[in-house]
Amino acid sequence: MPPASPAPVPAPAPPAPPAPPAPRHIVLTKAGSDTLSLYKDQPGAAVTATLEWDGGSARRRRAGADLDLYALSVPRHLVTERGKRPKATDLVVYYRNLGSLAGPPFIALDGDARTPGRETVTITRPDLQGYVLLCAYSAVENGIGSFRSYGARVVVTERGGSSVTVPLFSTKALAYWVAIAMVDFTVEGGVRIEHVEQYSGRRVEARPTLYSNRKFRMGTGPVEFKTRPHGG
C-alpha cells in the first residue's frame with residue numbers, strides 16, 4: 001500500500017481587525033478648538049450639532065426658557081479664497097426653515113423646542129460643506145438672563161461617538177443672540193470645531209451674518225422676532 005498522505009496543515013487565521021478607537025469627548029476652553037476625524041467622502045458620513053440648555057432655574061423652566069438653534073452655512077463651492085471679496089451667505093437653517101438632508105444645504109433641524117432641552121441639526125455630505133456657524137437666539141419672552149445662565153452649550157458629535165462640547169463663558173445679559181461655534185469642514189481628514197463666543201449688542205434683534213471667507217459679524221443680518229413674522 002502506498003504511504004498515507006500527510007494531513008493538510010490549516011492556514012493561519014487572518015489577524016483580527018484593529019479595534020476602533022474609543023470615542024473622544026472634548027470640552028473646549030475659551031477660544032479653543034479641536035478636530036474630529038471624519039472621512040468626508042464615505043457614504044453616510046455626517047455630524048450632529050446640538051444646542052443644549054436646562055433653563056438654569058426652576059422658575060425659568062416653568063416659563064419655558066425658549067432658545068433657538070440657528071445654523072448659518074457656506075457650501076464648499078462658495079468658499080472664498082484669501083484675497084478675494086467675500087459674500088454674505090443666505091443659507092440659514094432654523095425653526096422657520098428646517099432645511100433638508102435630501103438636497104442642499106444637506107443640513108436639517110429636528111424641530112423647535114419651546115422648553116428646555118435641546119435642538120439638533122444633522123449635517124450630511126461633509127464633502128460639500130464649507131463652514132457652519134452655530135448660533136442661539138433667545139426669544140423676547142425669555143427675559144434678560146445671559147445664555148450661560150440658561151445652561152446653553154453646543155455639542156458636535158460624529159457617528160463614531162466622539163464629541164466636542166463648546167461651552168459659554170460670558171455672563172453678558174440683554175443680548176438676544178450669541179454665536180457659539182464655528183464648524184470648519186475644509187480641514188483635511190476631519191472637521192474642526194472652534195469656540196467663537198460673540199454676542200449681539202444690547203437688545204439688538206438682527207441676527208449674525210456669515211461670510212464666504214468664514215468671517216462673521218454680529219447684528220448685521222435680518223431682524224428676527226419670534227412672536228412676529230420673519231423680518232417683522
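Author: Let us start with burial: both F147 and Y199 are buried, where buried means under 20% relative accessible area, exposed over 50% and partly exposed in between, with a 1.4 Å probe and protein chains only. This is a predicted model, in which local features need pLDDT of at least 70, side-chain atom pairs count only at pLDDT 80 or more, and totals for chains, interfaces and linings use all residues. Residues are numbered from 1 along each chain as its sequence is written, and side-chain values use heavy atoms, with hydrogens and water left out.

Reader: With which strand does β4 pair over 9 bridges?

Author: Two strands pair if DSSP finds at least two bridges between them. The partner over 9 bridges is β9 (residues 129-138), in the antiparallel sense, and there Y131 is the bridge partner of V74.

Reader: How many aromatic pairs does the structure hold?

Author: Rings of Phe, Tyr and Trp (its six-membered ring) pair if their centres lie within 6.5 Å; planes under 30 degrees apart count as stacked, over 60 as edge-to-face and the rest as tilted. The structure holds 7 such pairs. One of them joins Y70 and Y137 edge-to-face, at 6.4 Å centre to centre and 65° between the planes. Y70 belongs to β4 and Y137 to β9, 67 residues apart.

Reader: Why does Y70 count as buried?

Author: Y70 counts as buried because its relative accessibility is 0%.

Technical notes
Helices (H or I, at least four residues) and strands (E, at least two) are DSSP runs, numbered from the N terminus.
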